[in-house]
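Try each task before you read its solution.

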Amino acid sequence: MQKTVVINVVGLTKRLIGAHTPFIRSFLEQGRSALISPVLPAVTCSAQSTYLTGEYPSEHGIVGNGWYFKDECEVKFWRQSNKLVQSEKIWEKLKRHDPEFSCANLFWWYNMYATTDYSVTPRPNYLADGRKIPDIYSHPAGLRDTLQEALGTFPLFHFWGPKTSIKSSQWIADATLKTDTMHDPTLTLVYLPHLDYNLQRHGLDFEHIAKDLNEIDGVVGQLLEHYREQDANIILLSEYGITDVHRPIHLNRILRKEGYISIRTERGLELLDAGASKAFAVADHQIAHIYLNDKSLGSKVKELLEKVEGVEKVLSGDDLKEAKLQHDRCGDLVVVADKDSWFTYYFWLDDKKAPDFARMVDIHKKPGYDPVEMRTDPKDKLVMAKVIGKLLKKKMGFRTVLDIIPLDATLIKGSHGRIPEDTDDYPIFITNNTTSVLEKKIAPTQVFGLLEDHVLSPRP
């Protein structure tokens, strides 16, 4: 078997490879490449699961970054158990082929309790006093301590939230190199999220993202140098492309005004009661799953949402089958935004009644994806002083919350999830294996076979 590394540079597209990415550009020019037709929805968890199983969401069950857990009547995002992925993974097939095969998974999603030999994923400590302490989960368990003793604590607050920076991707790359040096796995999967941040904040504005492109290029260059010395097959790929948007759409507010949403009021603040609602939306970038507790409302809700400005189409029935989304976890309807729009999870009509978690980074309580968690209020010049003051209070033992996230969805300028019109915004697959046979454009399910071929094929 041939040593292989798969470097997942989130958001990388042909449009972004150029003067600001000399290492990646050189790798592209010297190797072979293909565009990847995006899976629907073109979001992290669905794309990764498709690549690693060779199946569509209709088979592996990952219909988004989160969905409505019907037996619990709760919307849950960013679950971590690999058992949620219902199809065989690439490492399981290769291990059957050769028991000596080994795999390391560095930060690809659904990492916990996977059957990989080595794995590392974010896992904060949630303390009883309300604090969230950066940490990771690993297999074997001792790998966690080895990595953090060598590299420092994983910089969680640079991985997500207003402080996101190259520090998290650099730490992941350093952890990858150390894991490879210690264990020499046959296949390594590494996830570098850096481009996700400012591309969502600013869209395809090169005045803002040039620095980010250069930073991630430097990290990729370090990995390329290391794995070239190992004479490894190197694959550089991405999950989706991010495009410009300017219109946030609040589907749950629309459904609420029609009387379909049930709200609970606690301490004067509102909460979405999914289990009691007739219909509600689970927003995930440019895709939203509509779940109907009252199935008789299907045609009415579909007709309502089709008329909303910024909605491109509403999928149901045979449309879901054609989109390879027909799975019990999928919404009864799936709404797709047009190229200029994206969906929020917002359900309140008055910001004074928004739940407390709306103004915080809280990916597990929000019943939908919230990219505004990466922003602070640009009008608040004292926001950093407030953060420092709140952190000091926490260190002194006082209870306080970091309620610094604005409720202004127009701050987001880039999104993904739908299939872009321009193939320059498709995800990309690049390899240094010049014997690899690639079409100009491949299906997302073909990535699985290409990964397998790279591991089973010796270097030319």
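Helices and strands here are DSSP runs, numbered from the N terminus: a helix is H or I over at least four residues, a strand is E over at least two. Keep in mind that this is a predicted model.

**Exercise 1.** Find where P140 sits, and work out whether the peptide bond from H139 to P140 is cis or trans.

*Solution.* Start with the elements on either side: P140 falls in the loop between β9 (136–139) and α5 (141–151). Next, check omega, which is near -5° for the bond from H139 to P140, a cis bond. Now look at L40 and P41: a cis peptide bond joins them too, with omega about 0°. P41 lies in the loop between β2 (32–36) and α2. For context, most peptide bonds are trans.

**Exercise 2.** Describe the largest cavity: what is its volume, and which helix gives the most to its lining?

*Solution.* Begin with the volume, about 70 Å³. Then go through the lining, which includes C45, Q48, W91 and Y110. Helix α2 (residues 44–53) gives the most, with 5 residues. Finally, sort the lining by type: 6 nonpolar, 4 polar and 1 charged.

Methods. Residues are numbered from 1 along each chain as its sequence is written. This is a predicted model: local features need pLDDT of at least 70, side-chain atom pairs count only at pLDDT 80 or more; totals for chains, interfaces and linings use all residues. Side-chain values use heavy atoms; hydrogens and water are left out. On a 1 Å grid over the protein atoms alone, a cavity is a set of points where a 1.4 Å probe fits but cannot get out, and a pocket is an open set with protein on both sides within 12 Å along at least five of seven lines; lining residues have an atom within 4 Å of a point. Grid points are joined across faces, edges and corners, and a volume is the space filled by probe spheres set on the points. Ala, Val, Leu, Ile, Met, Phe, Trp, Tyr, Cys and Pro count as nonpolar, Asp, Glu, Lys and Arg as charged, and the others, Gly among them, as polar.
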